[in-house]
Each structure stands twice: as C-alpha cells, then as structure tokens.
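Take the sheet and the charged pairs of this protein in turn. The text below starts from a definition and then walks through the model.

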Amino acid sequence: MNTTPPQPRTADDERTLLVKVFGKDRPGITTGLFATLAEYGVDVIDFEQLVTRGRITLCALVTPPAGGDQAVEGSLRATVHRWAEDHRLQAEIISGTGDNRPRAEGRSHVTVLGHPLSAAAVAALAARITEAGGNIDRVFRLAKYPVTAVELAVSGVATEELRASLAREAAVQRVDIAVVAAGLERRAKRLVVMDVDSTLIQDEVIELFAAHAGCEQQVAEVTAAAMRGELDFAESLRARVALLAGLDASVVEKVRTEVRLTPGARTLIRTLQRLGYQVGIVSGGFTQVTDYLVDLLGLDFAAANTLEVEDGRFTGRVTGEIVDRAGKARWLTRFADQARVPLAQTVAIGDGANDLDMLNTAGLGVAFNAKPVVREAADTAVNVPFLDTVLYLLGITREEVEAADEIHGTPGE
C-alpha cells in the first residue's frame, strides 16, 4: 500500500499562466475559453468564475503548452485574445510561477449580515481581519434580501481571537457577525433548538394571558426584569402565574389565535427539515401554547411549563419541572440524546438571560434580537427581525432556500 502523501500538482518554481477574461456575461463563455485552451494541450490547475450585475470575471490558472516552446505559447496568447475580441470580452494573460500559497493555519468562516451593508462597514471589518494577522481568501454572497449576507473564508488567525476582534467592530458598524471554525462540523449541525417567546414568536405568551386577566402591565414589568437577568426566573415565573389565578382556561384558544410567528420562522423550520435537521423548542412559557406550535410547524421536540387547571380555571400555579435557565440547557441535552446528535452539532437560538445556559451548551449559540447581556455572551448575534437569517450562519444560501421551495412548494409564511 502506498502511504506517500500526494504531492502538489504544481511546484512553487514551475511556470504557470494566469488567463483572465472579463466582460458582459452570456452563455458559452466558459466553454469557449476552455475549448480554446484545449487546442494547446494545457492542464487546468485552478479556475474561478464570478458574475456581478451581469459582468463576468473568469480566471484560469493553467500550465504552459507542453515542451515550453515560446512560439507555441505566443500562439496561445494570440488565439485567446482573438477569441475574446470576437466575443466582445477583454483578456489578460500573466506569466508566473506556482499556484496559490497554501492557506495559513487558523481557518474560519465569517458571515456578515447587513441591513443595509455599507462600504464603510466592509472596510472596517476587513481592516480588523488584517490587524489580527488574518487573510481573506474568498468571499461569497449568501443572500441579497431581506438582508445582504456575505461569507468570508479567513485564514491566519485563531477563530476565538478573530471573533472577539470582529464582534467589537460589528457593534460599532451596526452589522451582525458570525465567526465559526472551518471544517466539516459546520455542515454537520443536525439539531436546532430555539426559545419561543420573542424568538420563534413575536409575543410573550404570559403577557397574552395576562391581557385577558387584566394584569398585563404588572406581568410585563416582571417579565422585563427577568429577561434582563435581574430576577431569578423560577421565582418570577411563580409570581406572574399567580396573577392568572381564577382565569377561565378556555382563554387558551383565544391566546393561540393571537400568537404571531416571527418573520422567517416558517422558512427557517421547513428549510432545516428538508436538509435533515431536527428542530425543537424549549420555553419558559406554557405547553398550552407550545403544543399548538408543535402541531402547526411539525416540530420534533418541545418542552415548556404547564399552567395548572382545576374546575376549568387556572389555579395560579404551574405543574411539574420548571423550565428555567438551567432547565433549558438540560432539555437541549435531552433532545440531543434522543436525536443521537452530539452537542457539538447542535444550534441554540434565544433572546433572554434565561437562554444563556442553553446557548453556551450548544455547539453554536445564536442571540436573536437579544438583550445586551445575551449578545455579549453568545457565539454570534443576529439583530435583524428575520429568523430565517440563521440559515446563512450555517452556510445555506437564499438561492438554495428558494430552489427547495420551488421543488417542494412553499407554505404560507
């Protein structure tokens, strides 16, 4: 068995030709260029193609014609230029040696979300990457709406160091940044678990119940303090639920009709499920609503508190294990065990202080329109009101989402 590692196709001192053509895009350009080069028996080492606003840039790195005959190489150059002129393109052929330099150690994917994405923000982020010792090896657009999302392949700097540097600049520039280590694990996150109130839905469920009980303002004040981390969640939950004592339990049906999904929620869930992900919710809210969401969205897992009912009315108490900050992390772990997915391959999404343990337990924690304490502690933060932007953090493009919708059909958002 041959155990000798494969050698690079092109030595650093071997002559190569960089062939570049650019102009108005139209069908057949790639075919035409490589058919022209094929006449001279060259080997392709690398090639890249980019189309921006209908303008194509096509680069091919090739070996010189066999034998190193200068006359033959001159003929190749003349033929490429003539072909380009015939197709109203411009061509450039640059002699050199070797291939691209090997990418440095410390490789990351940097996703930038802007609404809009300004040139000033891009300049500032690129400067921070350079200052940290990193190099941008490749840039790829993931989406142009509802936000502009681009992905940068960066090498030369440790992921944690890069994340810290870019997070500070992102806050200044008002853009969202996600920095994750490159590698197969990024594509292998197979379980997504999200908070419900102010994440999957736009509402705080207990406040919807409180509105029917006439104590909405009192409940909202306690909820806000709990989400900021100023109150113990379990204690605040009991205090809020106590205000619902005596409320007719039939109000559950009304509350379910009042729940508003966050924009992009259906797109996120159906796309993840088409890709083979399992999706769950874990909530400090109530099963009276989460059970409805499970049926509505076809979710795989769910955990929440349960409002106690006696004689058709709420007692002002909850039953069973309270789903608090620590409880959310425990449920994430249980869901991962049931799904047979390592925690390193899980994604958690939340907005409040009681989500922090869950976000820190998951392989990737995403703070969604979160309180400051959560944004600072999470792996990444998304501050645009579209839940499906989380797909871009996983390297899924808007075009892939739309293509899947065309094939499978798109339920109403």
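A salt bridge here is a side-chain nitrogen of Lys or Arg within 4 Å of a carboxyl oxygen of Asp or Glu. The model is predicted, so that local features need pLDDT of at least 70 and side-chain atom pairs count only at pLDDT 80 or more, while totals for chains, interfaces and linings use all residues. Residues are numbered from 1 along each chain as its sequence is written, and side-chain values use heavy atoms, with hydrogens and water left out.

Helices (H or I, at least four residues) and strands (E, at least two) are DSSP runs numbered from the N terminus, and two strands pair if DSSP finds at least two bridges between them. Seven strands form an open sheet with mixed pairing, in the order β12-β11-β10-β9-β13-β14-β15. Its edges are β12 (313-319) and β15 (380-382), each of which pairs on one side only. From one strand to the next the twist averages 25°. Within this sheet, β9 (residues 191-194) and β10 (residues 278-286) run parallel and are joined by four bridges; Met194 stands opposite Ile281 in β10.

Helix α11 (residues 325-339) lies across β9, β10, β11 (301-310) and β13 (346-350), and runs at about 155° to β10. Contact means heavy atoms within 4.5 Å; axes are lines fitted to C-alpha atoms, for helices over the stretch in contact, and angles run from 0 to 180 degrees between N-to-C directions.

The salt bridges number 20 by the rule above. One of them joins Lys328 to Asp195, with the closest N and O atoms 2.8 Å apart. Because Lys328 lies in helix α11 and Asp195 in the loop between β9 and α5 (205-213), the pair ties together parts that are 133 residues apart in sequence. Both Lys328 and Asp195 are buried, where buried means under 20% relative accessible area, exposed over 50% and partly exposed in between (1.4 Å probe, protein chains only).

Another salt bridge is formed by the side chains of Asp351 and Lys371 (3.1 Å, N to O). Asp351 sits in the loop between β13 and α12 (356-361), and Lys371, 20 residues apart from it, in the loop between β14 (364-368) and α13 (372-377). Asp351 is buried at a relative accessible area of 1%, whereas Lys371 is partly exposed at 24%.

A further pair lies within one helix. Arg77 and Glu73 are four residues apart in α2 (residues 70-86), about one turn of the helix, and their side chains meet in a salt bridge (3.4 Å, N to O). Glu73 is buried, at 4% relative accessibility, and Arg77 is partly exposed, at 24%. Together with Arg15, Glu73 and Arg77 are linked in a network of salt bridges.
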